[in-house]
Amino acid sequence: MTFSLLSWLLAGVLAVTCLSVARSAWNFGGRGPGISRMALLSSLLETAATAAFFRLVVPWSPGTTLLWVVAMAALAVAVAGAVIRWPVLPSHAGLLDFEEPEPGTTESGSPEPGSGVTLRTKPSRRVKKKSKKKEPGRTAVAVRAGVLAAVVVLSFAVG
């Protein structure tokens, strides 16, 4: 009973993960270009490796097989979205984009002499920095591709 419940849980997690990747590949939110090429490729490889690994370890019943089919359909939709939207996806997540200053403004950011404005040398503790997600690099994508290849080879070896 516990093992069957665990297989349902793993199949459900796989289906939700694949649906999440499909959502990010097609950017259903409509806000800007969304995910970058490297992040999308990395998440596709990671999800495919997880799916191949779950294929090896989950005992499949008719219900979990249905979740597997939903997961694989969502993964196929994600790959189709990545292929179709690849030219419009940004090559990076805006890590190198700088805002253009308005004409007539000073670059230094220092106040005018005699304006009475004091300079703050340390940021306030109350100000929280907005952390950006780190963009996966070529090495991370290559490692994920290697893991996927290893799991596929193991899958063929096991049968």
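A quick word on the model: it is predicted, so local features need pLDDT of at least 70 and side-chain atom pairs count only at pLDDT 80 or more, while totals for chains, interfaces and linings use all residues. Residues are numbered from 1 along each chain as its sequence is written, and side-chain values use heavy atoms, with hydrogens and water left out.

Val-13 sits in helix α1, residues 2-26; helices are DSSP runs (H or I, at least four residues), numbered from the N terminus. With a relative accessible area of 40%, Val-13 is partly exposed, a label that falls between buried (under 20%) and exposed (over 50%). Trp-8 is in helix α1 too, and Trp-8 is partly exposed at 40%. Follow the chain 52 residues from Trp-8 and you reach Trp-60, yet their C-alpha atoms are separated by 8.8 Å.

Now, how do helices α2 and α4 pack? Helix α2 (residues 37-57) and helix α4 (residues 138-158) meet at an angle of about 20°, with axes 9 Å apart. That makes α2 roughly parallel to α4, since the term covers angles under 35 degrees. The axes are lines fitted to C-alpha atoms over the stretch in contact, and angles run from 0 to 180 degrees between N-to-C directions. The crossing of α2 and α4 is left-handed, meaning that the near helix is turned anticlockwise from the far one by less than a right angle.

The N to O distance is 3.5 Å; the cut-off is a side-chain nitrogen of Lys or Arg within 4 Å of a carboxyl oxygen of Asp or Glu. The structure holds 1 salt bridge. Buried or exposed, or in between? Arg-144 is partly exposed at 26%, and Glu-46 is partly exposed at 41%.

Last stop: Val-88, in the loop between α3 (62-85) and α4. Val-88 counts as exposed, at 59% relative accessibility. Val-88 and Arg-37 lie 51 residues apart in sequence and 9.3 Å apart in space, C-alpha to C-alpha.

Technical notes:
Helices (H or I, at least four residues) and strands (E, at least two) are DSSP runs, numbered from the N terminus. Buried means under 20% relative accessible area, exposed over 50%, partly exposed in between (1.4 Å probe, protein chains only). Angles under 35 degrees count as roughly parallel, over 145 as roughly antiparallel, 65 to 115 as roughly perpendicular and the rest as oblique.
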